[in-house]
Each structure stands twice: as structure tokens, then as C-alpha cells.
Amino acid sequence: MKPSWRRPQIKGSETVSFKDKVDEIRRDFPIFSRLERGKPLRYLDSAATSQRPIQVIRAVEEFYEMHNSNVHSGVYELSEEASAAYSGARKKVAVFLGAQPKELVFTRNATEALNLVAFSWGRANLKPGDRVLLTQMEHHSNLVPWQMLAQEKGLKLGFVRITDDGLLDEESLKDELAKKPKLFALVHASNVLGTINDVKLYGKMAHEVGSLVLVDGAQSAPHMRVDVKDMDCDFFAVSGHKMLAPLGIGALYAKEDVLSSMPPFMTGGGMIREVTEEFTTFDDIPYRFEAGTPNIGGAVGFGAAIDYLEGLGMNWVRDHERRLTAYALDLISGVKGVKVYGPMDPDRRGGVISFNVEGVHAHDVAQVLDEEGVTIRSGHHCAMTIMERYGIPATARASFYVYNAEDDVDALVRGIQRVKQVFGVG
Amino acid sequence: MAEDIYRELILDHYKHPSNFGHLALRNGKARDQNSNCGDSVDFEVLVKEGKLVDVAFTGIGCAICIASASLLTEAVKGRSLQDVMALGETDILANLGIKDLTPERMKCAMLPLKVLKMALINSRAALPEQA
């Protein structure tokens with residue numbers, strides 16, 4: 001199959017082809033001016049962390065150059081500017097997710113957001129014998145905190161099984177919900193299988209048995225329109241660095257009434273109302289959950305990343321990636337000796353493709369691809385329960401974002417052919 | 001670099017590893033895994049009179065890891081425990097015939113030696129005084 005740059009037939013994309021738009025986007029990302037092992041950089045590891053456009057880098061730079069100071073109680077102009085920048089960023093991220101700013105807590109990343117729920121809501125609300133329902137496709141960040149809490153408090157964990165096609169097994173879901181969990185914590189888009197779970201439907205089913213719903217949105221919010229109110233989840237966790245923002249900034253959304261009922265996670269400055277030697281009263285949401293000087297520069301960068309994504313339009317982002325994923329699935333699964341994991345329907349998956357080359361370990365696949373300038377990840381991708389489900393030690397994983405196009409997929413497929421040649425397989 | 005790493009020696013040992021399997025007679029064994037990738041290696045050893053008389057391994061890993069284990073078993077059979085315990089990174093790279101590896105891949109190469117040493121320590125614990 002030859003790469004095709006024909007103009008797409010997707011509604012709303014009018015005159016600019018995907019190729020032209022991706023060319024334009026790539027010019028915004030300084031990293032693409034460098035080489036990888038002497039070849040053009042084919043960055044196919046955005047599920048690990050995305051690259052950042054110059055607009056985000058400049059926004060962070062400008063904050064440190066011109067507006068840097070601490071937030072909250074400063075009365076001078078510089079501090080007012082920093083506070084405005086920080087709250088402005090909160091508003092941007094909140095609006096992007098369909099939330100109110102007071103429902104949006106800045107964290108380091110999705111992992112911290114998920115731990116916040118476990119340590120604050122979980123400790124305060126779960127009792128020995130209570131059930132927490134997870135799925136077999138969780139990232140370790142939405143599994144280990146619950147396991148730790150289960151050990152501490154004597155909770156029971158359940159896991160919704162994965163079908164052979166890489167979807168959540170709805171029978172298994174019904175069985176588990178019948179056991180009346182107090183919380184259903186599930187991933188929106190799998191970082192290994194690419195599966196996009198119908199969190200709105202599953203969340204509704206969970207609410208019907210009286211469970212709260214936590215959605216790990218680390219791999220969904222960067223790639224599609226998310227509306228937490230429409231989804232009706234109680235918690236939603238995101239990482240900024242997977243969606244063009246700087247490293248070290250993420251967010252937790254929690255419904256206002258749920259968040260208001262939660263005790264602080266970490267304590268210290270910036271989150272109190274009054275402290276005496278005997279007792280402390282805490283600030284309102286969301287500040288109650290942001291002890292210490294926050295990552296203001298990171299938040300400003302997060303805001304700039306949201307501006308960039310809104311400029312592209314999240315519907316365009318999803319269309320682009322669905323189209324690229326369809327192209328890649330077609331080509332990669334067509335290579336003899338290559339097994340692709342996860343759903344084959346591009347409507348049911350995001351731009352994450354895990355695969356193995358028969359007779360070659362994923363590390364070796366990644367190493368040979370690197371020689372071709374193609375950067376993919378190999379290993380268990382912090383989701384060892386998925387590896388166990390498929391009886392494999394590791395997969396190679398290519399993942400896409402707004403700056404990827406068919407030429408990257410073509411380089412990947414050429415690289416896979418090279419792997420087979422080096423290892424003398426197929 | 002791929003050409004440097006994936007030479008015939010390594011690919012041969014990856015596809016047809018030496019001493020792959022189990023020992024009928026053994027007095028030490030160990031298993032460990034590379035936590036970053038989930039690869040795991042098991043070593044079994046037979047130690048007599050301070051010497052590594054026999055060694056075998058099983059495991060799942062990349063070409064570097066499996067070839068490193070295979071070449072290691074060939075290099076250590078019949079040697080004194082003292083010699084084997086003194087082996088390090090340079091010996092493993094020399095076995096593989098590779099000048100250098102990135103830190104990530106170095107972990108793959110070093111896992112077998114780490115597990116072999118664990119197996120030897122286990123055998124000495126089981127038999128504190130060698131006859």
C-alpha cells in the first residue's frame with residue numbers, strides 16, 4: 001500500500017488537507033528540527049509524553065522572564081500578574097474539560113491526581129469490606145494506589161475483564177457491578193490497547209448501583225473532546241505533559257459536592273483558612289488540595305497548550321488521529337508475522353498501536369527502529385495486567401499525536417521490515 | 001549501532017541459546033526480573049568444592065539478555081566461585097563482543113549475571129561448608 005496524501009473526505013475539514021495542516025503543525029514544534037540517529041525524527045511515543053509547540057515553550061519562558069513571583073497573598077503588581085496567570089490557566093483547563101474552575105485541582109500529573117482521590121476520598125469514605133472496581137486494562141497509576149489502600153483498609157478489589165478484542169467485557173462488568181462497589185475506577189483510553197471505553201455508559205451503570213466513578217483521562221483528554229458533565233463522572237484525572245504542556249503539571253477534576261466533602265490530601269501553606277497551635281481550618285476548594293507553592297509556570301504552559309489544542313479543534317484532532325490509526329492498523333497488521341493488540345475498529349480506539357513481531361522481542365524491535373529514526377516504546381507500558389491477559393512479556397508500541405502523519409507510519413512499517421531482515425524472520 | 005549489536009554471534013545465541021533448560025542435579029537457583037520491562041531469567045547451578053560444575057538457565061528476554069545469559073553459561077562452567085563472583089560489566093560486554101550499550105540495554109545485558117550470582121549465593125547458603 002502506497003502512502004496517500006489525498007484530501008480527506010471528512011466533514012468540516014473543507015479545504016486544508018491533513019498533510020498541509022500537519023506540515024504547518026510540525027513547524028510549531030522545534031524538536032522536529034533535530035535528527036534522531038542522523039535521520040528525520042519520527043516521534044511515535046506521544047502516549048509516554050508529547051512534544052511541545054513553541055507557543056507553550058514561549059509562554060513558560062515569558063512567565064519566568066516577565067511575570068515570575070509567587071501566587072496568593074502578594075499585593076504587588078508582579079504577584080497579581082502571577083496570580084492572574086495561574087487562575088487564568090485553571091479556567092482554561094476547566095473549560096476545556098467542561099468543568100467549573102473550582103472543581104479543578106492542579107497536580108503534578110495524572111498519577112498524583114489518582115493518588116489524591118485514593119488518599120483523600122478513599123481514606124475518608126471506604127471501610128473494611130468495601131469494594132473498589134477496577135479493570136484489567138488499568139495503568140499501574142490507577143491500580144497500585146487502590147491496592148495499597150485495600151491493604152491498609154481491608155478493601156476488596158474487583159477487575160472487569162478484557163475480551164480477546166481488547167474491549168471491556170460487559171458481562172464481567174455487570175457481574176462486578178452486582179457486587180455493589182463503592183467506586184468504579186476505569187481508564188478512558190488504554191495506553192496499551194488504544195481501546196476507548198464508553199465511560200459515559202459504564203459510569204451510568206455504576207451510578208445505578210450507588211458507586212462513584214473515577215475516570216483516568218491521561219490518554220483521552222489529549223486526543224478527543226472531553227466533557228466531564230456530559231460524561232457525568234465524579235473524578236477525572238489528566239496529565240498536562242501528554243497534551244503539549246510542560247512536564248510536572250496535571251489536574252484532577254472532581255464534582256463540586258464530592259470535592260467539597262473531601263479532606264485535604266497534603267497539608268501546609270496555601271491551603272489553610274486559619275492555623276492556631278491547636279487546630280487548623282482549611283481553605284475552600286480547589287485550594288484546599290494545593291498545599292505549597294504550586295507549579296505556576298507549568299500551569300501557564302498548560303493553559304497555552306489548551307489554547308493550542310483549541311486552535312486546532314479537538315474534533316479535528318480526533319478525526320486526524322482516527323484516520324491515521326486506520327491507515328496504520330491496515331499497514332501494520334498486513335505485515336506477515338506481526339500481531340497487533342486491541343480493537344481493530346478505529347472508531348473504538350485511539351492512536352496507540354501495540355504490536356509484536358514474531359520471534360523478536362519488543363526491545364529489539366524498538367532498538368532497530370531507532371536506527372531508522374523511528375522512536376517507539378517497548379516493555380509492559382506500566383500495565384502488567386494487560387501483559388498477563390495476553391500472556392506476553394512486552395509489546396512494542398507506536399502512538400500518534402497532532403504532528404504525526406502517514407510518512408511516520410510508512411517509516412515505521414519500513415522499520416518493521418528492517419527488523420525482520422536483521423533477525424531473519426518471516 | 002544495530003549492526004554492532006545484532007551481529008551473528010548474538011542472534012545465534014538468542015535463537016539457539018546454550019545451556020537453556022534445567023539441571024537434573026542442582027544445589028542452587030534464583031530468579032529475577034528487569035522491572036522496567038518484565039523480562040525474567042532463572043538460573044540453576046551445581047556447585048561442588050568451590051567450583052561451578054554445571055549451570056543452566058531459562059527465561060524470557062530480548063536478544064541482548066538471552067545472548068548474554070547463553071554466553072555467560074559457556075564462560076563460567078567449571079570456574080571457581082571466586083572467579084564468577086568477580087565478573088562485571090566489562091566481562092559481559094566482552095562476552096557479547098559489544099563496545100558499549102545504552103544504560104537501558106545494559107540492564108538487559110547484566111540481568112543474567114545478577115541472577116547467576118544470586119543462585120551461587122543461594123547454593124553457598126544451602127551448603128555453607130563445601131566438602
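What separates the centres of domain 1 of chain A and domain 2 of chain A, taken over C-alpha atoms? The separation is 27 Å.

Before I go further, a word on the model. This is a predicted model, in which local features need pLDDT of at least 70 and side-chain atom pairs count only at pLDDT 80 or more, while totals for chains, interfaces and linings use all residues. Residues are numbered from 1 along each chain as its sequence is written, and chains are lettered from A and ligands numbered from 1 in the order in which they are written.

Let me begin with the domains of chain A. Domain 1 comprises 18–52 + 313–423, and domain 2 covers 57–311; these bounds come from an automatic or database domain assignment. Between them, 27 residues of domain 1 of chain A are in contact with 29 residues of domain 2 of chain A, where contact requires C-beta atoms, placed from the backbone, to lie within 7 Å. On the domain 1 side, α11 (314–333), β14, α13 (384–390) and β17 of chain A each supply at least two residues. The greatest contribution to that side is from α11(A), with 5 residues. Helices (H or I, at least four residues) and strands (E, at least two) are DSSP runs, numbered from the N terminus. By class, the domain 1 side has 10 nonpolar, 10 polar and 7 charged residues. Here Ala, Val, Leu, Ile, Met, Phe, Trp, Tyr, Cys and Pro count as nonpolar, Asp, Glu, Lys and Arg as charged, and the others, Gly among them, as polar.

I turn now to the sheets. In chain A, 7 strands form an open sheet of mixed pairing, in the order β4-β10-β9-β8-β7-β5-β6; two strands pair if DSSP finds at least two bridges between them. The edges are β4 (104–107) and β6 (156–160) of chain A, each with a single partner strand, so one side of each is left without a neighbour in the sheet. From one strand to the next, the twist averages 20°. Helix α4 (residues 110–125) of chain A packs on this sheet, touching β4, β8 (212–216), β9 (235–239) and β10 (250–254) of chain A, and its direction makes about 35° with that of β10(A). For such angles, axes are lines fitted to C-alpha atoms, for helices over the stretch in contact, and angles run from 0 to 180 degrees between N-to-C directions.

Within this sheet, strand β5 (residues 131–135) of chain A runs parallel to strand β7 (residues 183–187) of chain A, joined by 2 bridges, and L133(A) stands opposite F184(A) in β7(A). To β6(A), also in parallel, β5(A) is joined by 5 bridges, with V132(A) opposite L157(A). Of the 5 residues of β5(A), 4 are buried, a residue being buried if 20 or more other C-beta atoms lie within 10 Å of its own, exposed if 12 or fewer, and partly exposed in between, with C-beta atoms placed from the backbone.

How many of the 16 residues of α4(A) are buried? The count is 12, so α4(A) is largely enclosed by the rest of the structure. Among them are L114(A), V117(A) and W121(A). The buried residues of α4(A) pack against β4, α5 (144–153), β8, β9 and β10 of chain A. From first C-alpha to last, α4(A) reaches 21 Å, close to the 22 Å expected at 1.5 Å a residue; the expected span is 1.5 Å times one less than the number of residues.

A second open sheet in chain A has 4 strands in the order β13-β14-β17-β16, with antiparallel pairing. Its edges are β13 (338–341) and β16 (377–379) of chain A, each with a single partner strand, so one side of each is left without a neighbour in the sheet. The twist here averages 30° from one strand to the next. Between β16(A) and strand β17 (residues 395–399) of chain A there are 3 bridges, and R377(A) has R397(A) as its bridge partner. Helix α12 (residues 362–371) of chain A packs on the sheet, and its direction makes about 160° with that of β16(A).

Finally, chain B. Here 14 residues of chain B are in contact with 14 residues of chain A, and the chain B side divides into 10 nonpolar, 3 polar and 1 charged. Strands β1 (residues 28–33) and β2 (residues 40–48) of chain B pair in the antiparallel sense over 6 bridges, and D32(B) is partnered by V41(B). In their hairpin, with 6 residues between the strands, G38(B) takes a positive phi near 85°.

Definitions and conventions. Two residues are in contact if their C-beta atoms, placed from the backbone, lie within 7 Å.
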